[in-house]
Structures are given as structure tokens and as C-alpha cells.
Amino acid sequence: MAWHGFNFIPAGIKYSFIPFRKLFFLFSALLIVGSLGLYFVKGLNYGIDFKGGILIEVRTAGDKADIAAMRALFKDSGLGEVALQEFGRPTDVLIRVQRQEGGEKAQQVAVAKVKQILGDKVTYRRTESVGPKVSEELFWDGVYAVLAAILAILIYIWFRFEWQFGLGAVIALSHDVLSTIGLFALFQLEFNLSTVAAVLTIAGYSINDTVVVFDRVRENLRKYKKMPLSELFNNSINETLSRTVMTSVTTLLALLALYILGGEIIKDFSLAMIWGVIIGTYSSICLAVPILLYLSIDRGADVSDNKEEVAGEAT
Amino acid sequence: MIYFARWKVVLVCVVCVFGIAFSAPNFISEEKAEALPKWVPNQQVVLGLDLQGGSHLLAEVKVSDVIKARLEALRDSVRSTVRKAGIRRYSRLGVSGNSVTIKITDPKQNEQALKALRELGTQQITIGDGQIATDGDPLFTVELNEQGVIVFTVTERTTNDWSIKAVNQTIEVVRLRVDETGVREPTIQRQGTDRILIQLPGVKDPERIKAIIGKVAKMTFHLLHPRVSAEEAMRGRIPPGAKLLPDAEEKDPSGNPRMYLIQKKVMVSGENLVDSQPSFDQRTNEPVVTFRFDSVGGRKFGNVTGKNVGRIFAIVLDNKVISAPVIREPILGGTGQISGNFTVESAQDLALLLRAGSLPAALTYLEERTVGPGLGADSIAAGKIASIIGMILVLIFMAVAYGLFGLFANIPLMFNMILIFGGLSFLPATLTLPGIAGIVLTIGMAVDANVLIFERIREEVRVGRTPISAIEAGYSRAITTIIDANLTTLIAALLLYQFGSGPIRGFAVTLSIGIATSMFTAIMLTRLLIVTWLRRKQPEILPV
């Protein structure tokens, strides 16, 4: 007796996605405008990777760190803005010191000063200091990486599909990236190198999802030459819905484990990824495909695609 | 019957066996892994500094200082060359930009000066190990400009060569110093033109090591000025050939450092030292640093001390006086001791610096990331738990959603983990905290290929295909989608590797390895399992 699976998304379902496209467009437009607004009004809470400065994580003896008393130690330190917060557990404190005026050397002087103020009573778990030169380089490297990724993906999709698909995918992708930035601005989560890694992975994941639906759209375009596009798109989404949901769930399960159990340092990273998976799933279904309606897809037989189909059958 | 080529079966088995072999050393202790015989894989995954604890330092060598010093030396050579050529009257001798300029008062002597200076250039401006460049790009130019000034310019090629040499020399000295502090397996390498990346695993006292690495430690011995005191010099004019320097420790009552007026001429310099050790003074029992000169240095030191008994000399370290003793008798043995206000530790550090030699230029830290051993261990533990729980959740979900076929996806998923660790050990790549996140993410995404195939099989079953043809069709139709989907993620991962730095690269590495191995396990291994099962059971309906 074989052991059967359980269909979370029943076969033959036909949810309406395409008819509600204007609603999705409105929602996404609001999301993007909101994200950009938050970015320009509140700005991002850049970590020391991009802003420069010092970050020191210490563990204090005893059950609970007296953060108020520690804060008082830094009152007349002349180090500028010093922020302290509990980190992960009550004994652990994260200390952030703003980037020091006076170039690279001043950072190291400040690190020594913080350690001198705190003394040997605490255990230093982590010391990070980034000077103005490196922080600027890291910032631009991050910007280039995200732009290069979007461009590379655009070229790839263009190469594999027609340009309309490439454009649809990149619109969906940019939507995901921008809204992730909006999320970071809204909650003032620390935006650092690992956030850039998260954004790039979100880009990869979102495009992955989009490609799967696009593949089905292309297949159906070939199969049903007469079917109205909106119906064909809606069918394609529904046919791949089970896969889309399944993969999103397994990815989210893994990410939830990482968020809850993976430690304090990668919490924000995991959160960004969780958001990215959800928004990436949404955008592939509700943005990338409906947008194709407006991009005048050529329904004539495409020679290169036929070739591919033959190759696919042969394997 | 569904066909699965024999060579593919062999390939799958071989890859799995190698995966197990290469990942196995990670599941036993380090000692046991090292004790394994040579012919089995015994490489463990290299942990990044964020997991094993240690310091990552990015430092910049101030090469502009080196270039400036060399141009000043060149200016002195220009002066002596011009004099040697019999030209007595000149003006405007100086350094500007990458050039030394000089104006010969009598224009008739210009030709002569140009010739002599070109000869000087050919002799002194060399690159590499003293070769004279014979190919196209010149190392220097000597020209007479419109104002009648001779401009001796060193080209960028030469200054680049000077920079490279300075950075290489710095790396050597830093390596000597780090080795002396007893750090195990440090990495010290050049980055870009003027930067050095220093990675020190397991460092306990990062501030001390940073201080030791970053000190120029240029030591020179000078006589104090015989007639003018420091106080007089501070009030009035400093006599020619003399210089005021502060004491490293001692302060006067108003809090300013005590000053010395020293003669600029160097008696002996630290370059002539062959050894230096921390020790204790025999009478006072205070910590001191002893040193020994080479024969040239010993002779010089003996000569100067012999001629200047009764006078005071200063031991200068990085433009600060660390000790200023009176010469009681000629010091002829080539050895001596420095008794500053040392602690045991500072005496040790100074002796270390003197043994390792001085840096050619100042070193500035641009970036520091230090992780203590406690946090590293915590991160590993958290990463382990997150991976295991994430894995279990995905395994359960897949089993519920696809039944027996879920199992056919789950076994390869576990093999995928083994292959990732095997790949990391084989390369060997460094595992960082973001790298662990990459592995966990891979666990979630790796089943995607199977999900795509299974969903396709379900569809094919629904349109009435037989089990075998449904599986065939499911695989062949899903494969292009799988490749498209994975390649896009791989593009993002590779760009991340290209632009990312440090730990983030670790994320890109595990993500890339994970994508590659998951495609293999999900397509090949799952298929092998399904085909084997089909042959055995010959089912009429698929339990998808």
C-alpha cells in the first residue's frame, strides 16, 4: 500500500487573479509610493558597514546588565552619539558609537577609549570598527551589486523569453526590492551588508518564482492559440499555484527556524528574507503576469521556442 | 520500462560516496580528523573568524610617506651630483609633486647638469631587483622647462614600484611580528595597491596585537646637544642640526611632556640590531630591554660612546625619547640595555618590535572586525539548531504533502546537506555565519526542483497518463523550468560573491554550492529512487 500525499492546493482550482489586477496594481503602487516616501522621510538606519563607526557587543557579569549605569559612563566621553541596547539576552549589551571626526585613526582611538571606559569587568564578544573609506566603498559595492544583479537577471530573462517577459519580471523584482527597503525604513531595522545580501537573494528568489509562472504562460501560449490572454494567464497562474505555494512554504519554514533560533546577529537578515519570500510570491502572481497583458505579446509561432521544445522532449 | 542509464547510476553513487567521505571529517573532533590516515579525506570545513573567533583587520600603508622620503633622498642626490659636476651656483632646489627641481644659475652649465642628472637617474632609479628598465615606459625624465629650471621627474611606474616594495616590506615585518606573538595560522595578504588584510584567528587581546602590528618602531640613537638645553631651545631658536623631541612617558608638572634637544645626526639605528630581549636590571630589578648590534653597528656604537663619555644620548622610538642615559664608559661589546619606564609586558612588546624590524611607513587601520570565542561558539550552536529544526520542518511538510514521493525528495535533501559540507571541505571554502544562513535557506529552496517535478507528475496523472509516462513527462517538462529558476538565483549569488566582502561571501559560497548540489540531488538522486521503486513495485497508480 502506497503512502499518498495531501494536496494543500486542490487540483482544478480556478481562483480569479487577472480580473483583480487593477486592485493589485493599486496596492503595489501604494506600497512603492509608501516605501519611497518612508525612504526619503525617515531614511534608512544604516549600520556601521555603510556609515562608519564602532559597534561593540559585551556580556556583563551577573543576571542583568545595568544599561542606565553604563550609559552614564559614556556621558562625558566626548565620543559623540553612543547608543546602548540590550542584545539577545539581558546580560548582553550592544554599544554603537558614531563615526568619529578626524579620519581613520580617530576610529581606533575611540575603540581603545570605549574599552578603557568599560574596563575588564565585561567580556568583549564582538568589536567592529569601520572607517570612512571602507564604509563608502562598501556602500557603493552594495549599490553596484544590486543594480548588476537586476541587470543580469533582465538580460537572462530577455535571452530565455521575449522582452515583454523580461520587463515584467524586472518590474516585479524592483517592486520587491523597493518594498524591502521600505520595510527597513518603516521599522528602522539596521541596513547593513547582510541586508544587501538579503535583498540580492530576494531578487533571486522572486525571479525564480516569476520564471516558473512565465514558463507556464509560454507553454500555454503555444498550446492555446485562440484563448483570450486574460483567461490564459489566469489558468497559468492557477496551474502553477500549488508549486508556488509549496516552495514558498518550505522556504518560509526554513527561514522561520533561522529567525527564531539562528541567533541575534542574523535576525534582521532572516526577517528581510521572510518578507522577501512573501512579497516575491505575491509579485510573481499578481504583478509580473498581469503586466504582460499590457505589453502586447506576440502570439505568432516563435521559432527559437519550438527548437527548445524539441530539445526538451529529447532528454 | 523507464530507462536510467547505468553510467548515471554509477555517477550518482560515486558522487554520494565522495560527498560522504569528504563531509565525514566534520562530524568527528579535530584531533581525530587530524589523526586520520593521509589517503582518506581529513579536511574539515574552515570556519570564518565570525564563527571561530578572531580579528579581521584591514590596514592601509601610507605609501605617500615612502614616496616623499625617497624623493627627499633623490633631492640630496641631485645636489651632490650637480656639485660633483663642478656646478657651484644653483637655486630653487626642492621637491614638488613627483619631481625634484633645480635651477642652474649659469645657463651655459645646463647641458652639463642635464647629462650628469640623466646618468644619476640611470644608476639610481631602478625597479624590481635593481634592473634598469630597457623597455618602452621610462622610469624617470630629466627636462629643462621654459623657466630654465631642470625638472627631474620620477614616473608613475617608479612610484608604483616604490609603493609595491613598501607594501611587501610591510607585509614581511607584520608577519614577523604576528609570528612572534604566537597567533596560530594568521593570514596576511596584500589587497589592492596599498592595503593589507590581516586575519588573526583566536586572538585574545586584540588591542595589544593591533598596537604591536601598527607601530612603525623606527629606533635611532642620538646624542643630546652639547651646549644648548631643551629649555633654551624651547624659548629661543633651535640650533642648526638639532631637533626637539618629547619624552614618551615623563611629563613636567604642568602636564606637558618633557622635551629633549637632540642632534639630528643618527649615531646608530635600529637597522643594525640583530637581537633584542626583555630582561630585568641586575641592580634595580626593573624590566629592561637588552639589545645586540651587528658588527657594523657595534663598531659605530663603540666609537661614538668612546668619544663622548660623560655626555647624554637619547634612544628615540618613533620620534619619542624612550630613554636618555649618560654614557659612563665606552660600550664596546655591541650590546646594551634600555631602561625606560617599562612594565614586563611593554618590555616584551618593545623587544619583539626591535627583533622584527621597523615598518617602512605608518599603518592605519581602516576596518576591524573582532569576534570573541564565546560569541563564535554561540553562533555555531544557534546555526546548528536552526539548520536541524528547519530541516525537520521541511522534511515533515514534504512527507505530508507528497507522501511516499515526499520521502523520495527527503532522502536527497539530507544527501544535499552532506554534499554541501563535502563541497565546503573539498574546496576548501570558509563557512561563516551568513554562510550558515545560506545553508538553511538552501534547505528550504532545495526541494523546489522536486516540487516542480511532482506537481507536473500530478498534472500528467490527472490527464490520464500511466505512472511511467507521467513520470517521464513530469521530468522532461519540469527540467527547463528548474534550470531557469536555479540559474537566476545563481546569478544573484555570483554577483554577491563578486561585490561582497568577508562573511557575506560565505553566504554566496554556500548558496551557490547549495544550488548546484540541490539540482544534482533533486534531479538525479530522486529520479534514481523513483525509478528503482517503479521497477520493484510496478504500481498502477502513483501515490503523489
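Lys264(B) touches Gly241(B), Ala242(B) and Lys243(B), once its neighbours within four places in sequence are left aside. Here, "in contact" means that the C-beta atoms of two residues, placed from the backbone, lie within 7 Å. Take Lys243(B): it sits 21 residues away from Lys264(B) along the chain, yet their C-alpha atoms are separated by 6.2 Å.

This is a predicted model, in which local features need pLDDT of at least 70 and side-chain atom pairs count only at pLDDT 80 or more, while totals for chains, interfaces and linings use all residues. Residues are numbered from 1 along each chain as its sequence is written, and chains are lettered from A and ligands numbered from 1 in the order in which they are written.

So where is Lys264(B)? You'll find it in the loop between strand 11 (257-263) and strand 12 (268-269) of chain B. Helices (H or I, at least four residues) and strands (E, at least two) are DSSP runs, numbered from the N terminus. Is Lys264(B) buried or exposed? It counts as exposed because it has 11 C-beta neighbours inside 10 Å. The rule is: buried if 20 or more other C-beta atoms lie within 10 Å of a residue's own, exposed if 12 or fewer, partly exposed in between, with C-beta atoms placed from the backbone.

Now zoom out to chain B.

| Feature of chain B | Value |
|---|---|
| Secondary structure | 15 helices and 19 strands |
| Box filled by C-alpha atoms, along the principal axes | roughly 110 × 65 × 45 Å |
| Buried residues | 44% of 544 residues |

Chain B has a radius of gyration of 35 Å, whereas a compact globule of 544 residues would have one near 24 Å. That radius is taken over C-alpha atoms, and the globule rule is 2.2 Å times the number of residues to the power 0.38. Among contacts in chain B between residues at least 6 apart in sequence, 69% link residues at least 24 apart.

Next up is the partner chain. In total, 71 residues of chain B are in contact with 71 residues of chain A. On the chain B side, helix 11 gives the largest share, 21 residues. That side divides into 43 nonpolar, 17 polar and 11 charged residues. Ala, Val, Leu, Ile, Met, Phe, Trp, Tyr, Cys and Pro count as nonpolar, Asp, Glu, Lys and Arg as charged, and the others, Gly among them, as polar.

Strands pair if DSSP finds at least two bridges between them. In this pairing, Arg126(A) stands opposite Val371(B).
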